[in-house]
Structure formats: structure tokens, C-alpha cells
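Dear colleague,

Please find below the structure that I am handing over to you. My findings follow it.

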Amino acid sequence: MPPVTRVRRRRRAFPRILTSERAFLADTLRAETTGGLLLLGAAVIALIWANSPWQDAYHHLREAQLGPLTVEAWAADGALALFFYLAGVELKRELVVGTLSKLSEAVVPVVAALAGMVLPAIIYLVVNLTATGGRTEGWAVPTATDIAFALAVLAIVGSSLPGALRAFLLTLAVVDDFGAILVIAVFFSHGFHLLALLAALALIAVFAVLQRFRIRTPLLYVPVALGAWWFMHESGIHATIAGVALGLVTRVVTDPGEDHAPAERIEHRLRPWSAGLAVPLFALFAAGVTLSGGAVREMLTDPVAIGIVAGLVVGKFLGVFGGAWLTARFTRAELNSDLAWRDVAAVSVLAGIGFTVALLIAQLAFGGDVAQTERAKAAVLIGSVIAALVAAGLLFRRNRVYAD
């Protein structure tokens, strides 16, 4: 009897697109691409409006009181809760049935995402600890990647790029979103109130029970979700964390005879509202930075602004690419045969588009200092634009290679 040869399977450094996820991934890419373009349009409108003769009307509208919150706070705490709910759903899906459910396929994008958060923070801290007038509280601003904006750039200039590269970017963004969620929850919670938090957790538990018993009527889910959001806001923890928690308790696995899980049905209905309304609305009221000549000159010497731009443009690239390369170099994982390291380098630059969550963290970090908040937001916009333009050039060149 001939000896049995044991075939050693190689682990892929980048996740393959599972058969069950192909339709889901395609739908997500289309929605996020549209949302990215709307996000960009809203930011441009905000910048033009905030620097026009009608800038006072813009600031009055942003600061107008609407019930218990200002219009700007409703956009940041309310509208973005929907965005973070979908982020929670995506995270759970990836953990339960997606690429993050397989450790061998998840390790590289996870390490790349974590390194892509840690290194920008280190670069920011180095700049601000060694410069006169530096402020360390903004360390988290350059750690976030805006998936909607990034996917929009990728879709515009990368139509012929391999699907594995898109899957890697999506997985990277899911982990990045989760890291941003933890940062907001741990470092940017103020005035903690235990009873309000317990009420929010109780309502999240009710949401989970409704899911457990397969209740489908929105007449029950909507008031429970709104109550959880409000009590989370009152607890001192950022209200968007309620959205994440509700997403994590939403069922993502189908029952026998069920065509779609609740997470898929809800996401199909809510994603257009998030991509088309919630995120652009936040950008409209967050990106309106006044860029006078004096403000631009101040940014050139402001350690906070320099640290944010350097973190987004340099730190994200070195962190994501370095984390991926070192993991593949020192483990048995290999790069997907459809990709080259130049593809990964281009996407690593693309990860420097911070925008939505970076603007939110800038507001939370420097909320008491309006001038510094404005400079930090402007730095986020500048760093994101630089990363987008450089990445677009690199991806366009790689796209031509695959198109030929």
C-alpha cells in the first residue's frame, strides 16, 4: 500500500469571499459607494456654506435648540446611531458567519486594522508631546477609517481590481469601526449615571428577547430602540453605543425555512437611510469649518492639526500595510494569489480617509474648545483628501494593470 501523502493547506493572508456572502458584499458595496458620494457632497456644501456670506445662518442653524438637543447634537448623537447600528450588525455578521468567524482568514485583516489604529495614535502623540502647545487628548482622531468614502473611491477608480481586495477593505473597516466604538465608549464618556445605563441595558435586553422569540413587528422594536438610545445618552456614554449594542443582539442566522435573517431584512431597509440621509446629515453639520487665511496659517504650526494629518496620511499607511506584511512574513499565512503587495499598499493609503468617525471624535475630544475643534476638523478633511487623492492615483494604476 503506497504511503499516504498529507497535503498541507496554506492559509490565505486575505479572506476569500464566501459563497454565502457574495450577494451581501455586492449590495453593501453599492450602498456604501452611493453613500460615500452623498457624504462628499454634503461635506462640500458644508464647507462652501461655512465660508460664504451666509456663514452666520449656518452656525445659527447648527447651534439651534431642537427639543433637548441642538441640531448638531441630533446629527451626531441621533443620526449616527443608525450608522453605528448597521456597524454593529456588520460586525456580528462577520463574527458569526463571515470572514472573521475563521481565525486563519481573519488574523491578517484584524492585525492590519489594529496596527492601522495604533500607529496613527502614536504618531499623533509623538508630534504633540514634542511640540510646544501640543494637546494629547486628540490622539484618537486619526485612528478611524471612513468605509463609505473609501469604498466610493475604490469603486470609482478600481472597477477591475480583484474582489479579494474589496473583501479585505470591508473586513478591515468592520474591525476599525469596532475599535472606534470601544474608543468612544471608554475614553469619551462624561458624567456617568448608573441608573440611566441600567435602563438602557434593560431595554437592549428586551430587544434581544424580542429577537429570541422571533417577534417581527416594528411597533415593538422602534420604541424599545429609541428608549435604549435616550437612556444611553442620559447615562453619559455616547448615544451611538446604543446603536452598536442593538446591532450586536440582532439575529444574523436564518431559521429553517427562513429566506433572510432579521439582520439582513433590517439592513436592507435601513442602509439607504443611513447612507443617504444619516451620514450626509452628520457631515453637513460637522464639516462646516471656516477656513480663513488666519485659520490656515494657524494650522501650519498647530501640533494637533499636524499630528492628525500625519496620522491619517502616514500612520494609516504604515500601520495597515506594515501590520499585514509582518503578519504574512512571520506566520505561515500567504497573500491571496489574486493580489500583489502593491494592491495592498494602495488600499493601505486609502484607509487614511478618516472623515465621519474622525470628525465625531474630534468633536468629542475638543468639544470645549471651539477654535481647536475647528482646526482638528479641518485637519481631518485635509488628511482625508490627501489620502483619497494619493490612493486614487495608486489604485488607478493598479486597475490599469488588471484591465490589460
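In this predicted model, Phe84 touches Ile181, Ile184, Thr240, Gly243, Val244, Val357 and Leu360, leaving aside residues up to four places away in sequence. Phe84 also belongs to the largest nonpolar core, which has 107 residues; Phe84, Leu169, Ile308 and Leu350 are those with the most contacts inside it. The element that gives the most to this core is helix α6 (residues 163-187), with 13 residues. There is also a second, separate core of five residues, among them Ala73, Ala81, Trp229 and Ala239.

Next, the pairing of two helices. The axes of helix α14 (residues 355-365) and helix α15 (residues 370-403) come within 9 Å and cross at roughly 165 degrees. Because angles over 145 degrees count as roughly antiparallel, α14 and α15 are roughly antiparallel to each other. Their crossing is right-handed. On the α14 side, the contact is made by Phe355, Ala358, Leu359, Ala362 and Gln363; α15 contributes Thr373, Ala376, Lys377, Val380, Leu381 and Ser384.

Gln211 lies in helix α7 (residues 194-212). Its relative accessibility is 5%, so Gln211 counts as buried, the cut-off being under 20%. The side chain of Gln211 is joined to that of Tyr221 by a polar contact of 3.0 Å. Beyond residues up to four places away in sequence, Gln211 touches Val249, Thr250, Arg251 and Pro262 as well as Tyr221.

With kind regards

Notes
Residues are numbered from 1 along each chain as its sequence is written. This is a predicted model: local features need pLDDT of at least 70, side-chain atom pairs count only at pLDDT 80 or more; totals for chains, interfaces and linings use all residues. Side-chain values use heavy atoms; hydrogens and water are left out. Helices (H or I, at least four residues) and strands (E, at least two) are DSSP runs, numbered from the N terminus. Buried means under 20% relative accessible area, exposed over 50%, partly exposed in between (1.4 Å probe, protein chains only). A polar contact is a pair of N or O atoms within 3.5 Å; within protein, one must be able to donate a hydrogen and the other to accept it, and residues adjacent in sequence count only if both atoms are side-chain atoms. Contact means heavy atoms within 4.5 Å. A nonpolar core is a set of buried Ala, Val, Leu, Ile, Met, Phe, Trp, Tyr and Cys residues joined through side-chain atoms within 4.5 Å. Axes are lines fitted to C-alpha atoms, for helices over the stretch in contact, and angles run from 0 to 180 degrees between N-to-C directions. Angles under 35 degrees count as roughly parallel, over 145 as roughly antiparallel, 65 to 115 as roughly perpendicular and the rest as oblique. A crossing is left-handed if the near helix is turned anticlockwise from the far one by less than a right angle, and right-handed if clockwise.
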